[in-house]
Amino acid sequence: MVGAGTDKTKPHAGGGPAVILVRPQLAVNIGMCARAMANFGLDDLRLVNPREGWPRSDEYRDVAYSAAAGATTLLDAARVFSTVEAAVADLHYVYASTARERGQMKAVLSPSVAMGAAASVQSERRGILFGPERTGLENDEVAIADSIITFPSSPAYASLNLSQAVLLCGYEWFKAAHGDAPPPSTIPRAISPPAQREMLLAFFDYLEARLDDSGFFRPTTKKPGMRRNLRNIFHRMELTQQDVRTLWGAVVRLAEGPRFEVQTRKRLRAKKSVE
């Protein structure tokens, strides 16, 4: 199943630190980690002694691939290692994701700081260790890492799902490597030009006249200030020509009541020719 927002015609982002899942237990988490990686352009998935083995061709595989939601190339390309040492052998720098420093006197970094550093060093291969779901990394596995990544979270509930931890690291890496500006809109829109002052003043005159008819400007001594306040509300909106036309039409209908016959230009011309 491929979710909304997936576009296979666009190039895949790639690079970033390797994601190393140490003794992952659940097929769904392996698949969701692959999906999180694909979301943010990480493309190096490594598995250390998955509890159920890998690759698979049974229901375990089906669950993992379903949870990946289209990021199946990462699962197909995942490399399996028997030890953490083997999984990190080609890396220059390793982070350990853990909620506890373990008394090992290592630098403890937030994901934003760690991934900012990873994005700034293009010549180095880096990786992040993620421990098994139930117990996390062992002390000897943390000792292999250069520094620790800990997630700022509520002290009352600091436990993260494995794929959530991968997602947060991936997001921070992508943001550091590619920026965090929102993507441009893919929907072409006709942009109406700003409303001219003449158009705005004519609209204000009509609106204020109708409000005056309805007794809005009371007491009359406050009318000048009320008019200024009303106009400034619209000025702050930076109205376009289409905005003014829409507002004007709405006020006309409120003032004159329902229009039972649509008054298009074509119908008006036809009516005049009959008369």
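**Charged pairs, helices and a surface patch**

Modeller: Asp90 is partly exposed, with a relative accessible area of 42%. Please keep in mind that this is a predicted model.

Colleague: Which side chain does Asp90 meet in a salt bridge?

Modeller: Asp90 meets the side chain of Arg46, with 2.7 Å from N to O. Arg46 lies in strand E2 (residues 45–48) and Asp90 in the loop between helix H4 (84–87) and strand E4 (93–97), so the pair ties together parts that are 44 residues apart in sequence.

Colleague: Is Arg46 buried or exposed?

Modeller: Arg46 has a relative accessible area of 0%. Buried means under 20%, so Arg46 counts as buried.

Colleague: Which residues are linked with Arg46 and Asp90 in a network of salt bridges?

Modeller: The network also includes Asp44, Arg79 and Arg125.

Colleague: How many salt bridges does the structure hold?

Modeller: The structure holds 16 salt bridges. One of them joins the side chains of Glu141 and Arg23, at 2.4 Å from N to O. This pair links distant parts of the chain, 118 residues apart: Glu141 is in helix H6 (residues 139–144), and Arg23 is in the loop between strand E1 (18–22) and H1.

Colleague: What are the relative accessible areas of those two, Glu141 and Arg23?

Modeller: Glu141 is buried, at 8%, whereas Arg23 is partly exposed, at 24%.

Colleague: And which residue forms a salt bridge with Glu124?

Modeller: That partner is Arg126, and the closest N and O atoms of the pair are 3.1 Å apart. Glu124 is partly exposed, with a relative accessible area of 31%, while Arg126 counts as buried at 10%.

Colleague: Let us turn to the helices. At what angle do the axes of H8 and H10 cross?

Modeller: The axes of helix H8 (residues 197–213) and helix H10 (residues 241–256) cross at roughly 15° and come within 11 Å. Angles under 35 degrees count as roughly parallel, and H8 and H10 are therefore roughly parallel to each other.

Colleague: Is their crossing left-handed or right-handed?

Modeller: The crossing of H8 and H10 is left-handed.

Colleague: One last topic, the surface. Which residues form a nonpolar patch there?

Modeller: The patch is formed by Leu26, Val28, Met32 and Val63, which together have about 270 Å² of accessible area. Val28 is placed in helix H1 (residues 27–39).

Notes. Residues numbered from 1 in each chain as written. Predicted model: local features only at pLDDT ≥ 70, side-chain atom pairs only at ≥ 80, totals over all residues. Heavy atoms only, no water. Patch = residues over 30% accessible without salt bridge, like charges linked within 9 Å, V, L, I, M, F, W, Y side chains within 5 Å. Areas by Shrake-Rupley, 256 points an atom, 1.4 Å probe, with all protein chains shown as cover. Salt bridge = Lys/Arg side-chain N within 4 Å of Asp/Glu carboxyl O. Helix = DSSP H or I, 4+ residues; strand = E, 2+ residues; numbered from the N terminus. Axes fitted to C-alpha atoms, helices over the stretch in contact; angles between N-to-C directions. Parallel < 35°, antiparallel > 145°, perpendicular 65-115°, else oblique. Left-handed = near helix turned anticlockwise from the far one by under 90°. Buried < 20%, exposed > 50% of the residue type's maximum accessible area, 1.4 Å probe, protein only.
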